[in-house]
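The sequence and the structure are shown first.

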Amino acid sequence: MNNQNVLVVLSGPSGVGKGTLAKLIVEKEKDIALSISCATRNPRVGEVNGREYFFISKEEFKKKIENGGFLEYSEHFENYYGTPKDFVLETLKSKNVLLEIDVNGGLEVKKNFEKALLIMILPPSIEEIRKRLIGRGTETEEKINLRMERIEYELGKKELYDYSVVNDNLDVCADEIIKIIKIERSKLNEQ
Ligand code: ADP
Ligand code: 5GP
């Protein structure tokens with residue numbers, strides 16, 4: 001029986017709403033699971049180890065790289081982030097898996113998993129990203145500026161992604177992504 005699940009990558013600039021969307025999507029759809037990445041940065045207020053990320057030290061992260069434990073990893077803002085290979089492969093046996101990672105990570109995943117579905121989240125405008133980052137209240141102005149500088153780079157990779165979806169209204173955007181995943185899952189299993 002052909003019953004494959006889809007490995008979905010959600011990317012887009014920091015502050016565009018990826019984390020918020022990912023949580024909403026897995027709440028709405030029980031057959032989609034969110035992968036939890038490892039990160040070496042400090043948890044933000046309200047973040048819980050094992051929920052937003054597995055927060056590990058740089059030494060632990062390096063060991064995991066050496067042991068081939070990541071599907072992909074990259075460095076952002078002086079910290080490392082990576083997708084744990086075992087979790088993703090195991091979960092894909094029963095559910096579609098959502099990865100919320102940056103564009104380089106997404107393209108790296110596509111190299112290893114040709115069938116991965118790459119979705120880029122676009123902001124309604126660049127200034128809206130700054131508003132959202134300020135509204136989130138988790139970064140200093142300096143860190144917000146660093147994130148703003150990276151936007152153009154991330155959005156420049158849009159053409160390499162399979163789909164782009166604008167996160168204007170959160171609910172509408174989540175529904176649109178769910179629809180794309182369902183369509184692509186059907187296509188995958190028709191082949
Ligand atoms: P990312 O994971 O891409 O860095 P977040 O999910 O943390 O972004 O969202 C950044 C901020 O923007 C959060 O405060 C979130 O509540 C807010 N946000 C997300 N989506 C929307 C939206 N569609 N409209 C308005 N605010 C949003
Ligand atoms: P934040 O610190 O705001 O949570 O995330 C910073 C950046 O790291 C975001 O662009 C986010 O998408 C990216 N990121 C989070 N997890 C991973 C991961 O496992 N791999 C890669 N390559 N990037 C990640």
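In this predicted model, ligand 2 is surrounded by 16 residues, of which Ser37, Arg41, Tyr53, Tyr81 and Asp102 are the closest. Sorted by class, the shell around ligand 2 is made up of 3 nonpolar, 6 polar and 7 charged residues. Polar side-chain atoms reach ligand 2 from several residues: an N or O atom in the side chain of Glu72 is 2.7 Å from a nitrogen atom of the ligand, and a polar side-chain atom of Ser74 is 2.9 Å from a nitrogen atom of ligand 2. Thr83, by contrast, places a polar side-chain atom 3.4 Å from an oxygen atom of ligand 2. Taken alone, ligand 2 exposes 510 Å², and the protein buries 96% of that area. Ligand 2 sits in the largest pocket, and the elements that give two or more residues to its shell are strand S5 (70-76) and strand S6 (79-84).

For ligand 1, the shell holds 14 residues, and those that come nearest are Gly15, Thr20, Arg136, Asn167 and Asp168. By class, this shell around ligand 1 has 3 nonpolar, 6 polar and 5 charged residues. Two elements, helix H1 (18-28) and helix H5 (126-136), each supply at least two residues of the shell around ligand 1, and H1 gives the most, with 3 residues. Ligand 1, too, sits in the largest pocket.

The polar contacts of ligand 1 involve both backbone and side-chain atoms, as set out here.

| Residue | Protein atom | Ligand 1 atom | Distance |
|---|---|---|---|
| Val16 | polar backbone atom | oxygen | 3.4 Å |
| Asn167 | polar side-chain atom | nitrogen | 2.9 Å |
| Asp168 | backbone N or O atom | nitrogen | 2.8 Å |

Taken alone, ligand 1 exposes 570 Å², of which the protein buries 74%.

Tyr161 is found in the loop between helix H6 (141-155) and strand S9 (163-166). Is Tyr161 buried or exposed? Its relative accessibility is 6%, and Tyr161 therefore counts as buried, given that the term applies under 20% relative accessible area. Tyr161 and Leu10 are 151 residues apart in sequence, while their C-alpha atoms are 9.7 Å apart in space.

Technical notes:
Residues are numbered from 1 along each chain as its sequence is written. Chains are lettered from A and ligands numbered from 1 in the order in which they are written. This is a predicted model: local features need pLDDT of at least 70, side-chain atom pairs count only at pLDDT 80 or more; totals for chains, interfaces and linings use all residues. Side-chain values use heavy atoms; hydrogens and water are left out. A residue is near a molecule or strand if one of its heavy atoms lies within 4 Å of it. A polar contact is a pair of N or O atoms within 3.5 Å; within protein, one must be able to donate a hydrogen and the other to accept it, and residues adjacent in sequence count only if both atoms are side-chain atoms. Accessible areas come from the Shrake-Rupley method with a 1.4 Å probe; for residues, only the protein chains shown count as cover. On a 1 Å grid over the protein atoms alone, a cavity is a set of points where a 1.4 Å probe fits but cannot get out, and a pocket is an open set with protein on both sides within 12 Å along at least five of seven lines; lining residues have an atom within 4 Å of a point. A molecule sits in a cavity or pocket if more than half of its atoms lie within 2 Å of its grid points. Helices (H or I, at least four residues) and strands (E, at least two) are DSSP runs, numbered from the N terminus. Ala, Val, Leu, Ile, Met, Phe, Trp, Tyr, Cys and Pro count as nonpolar, Asp, Glu, Lys and Arg as charged, and the others, Gly among them, as polar. Buried means under 20% relative accessible area, exposed over 50%, partly exposed in between (1.4 Å probe, protein chains only).
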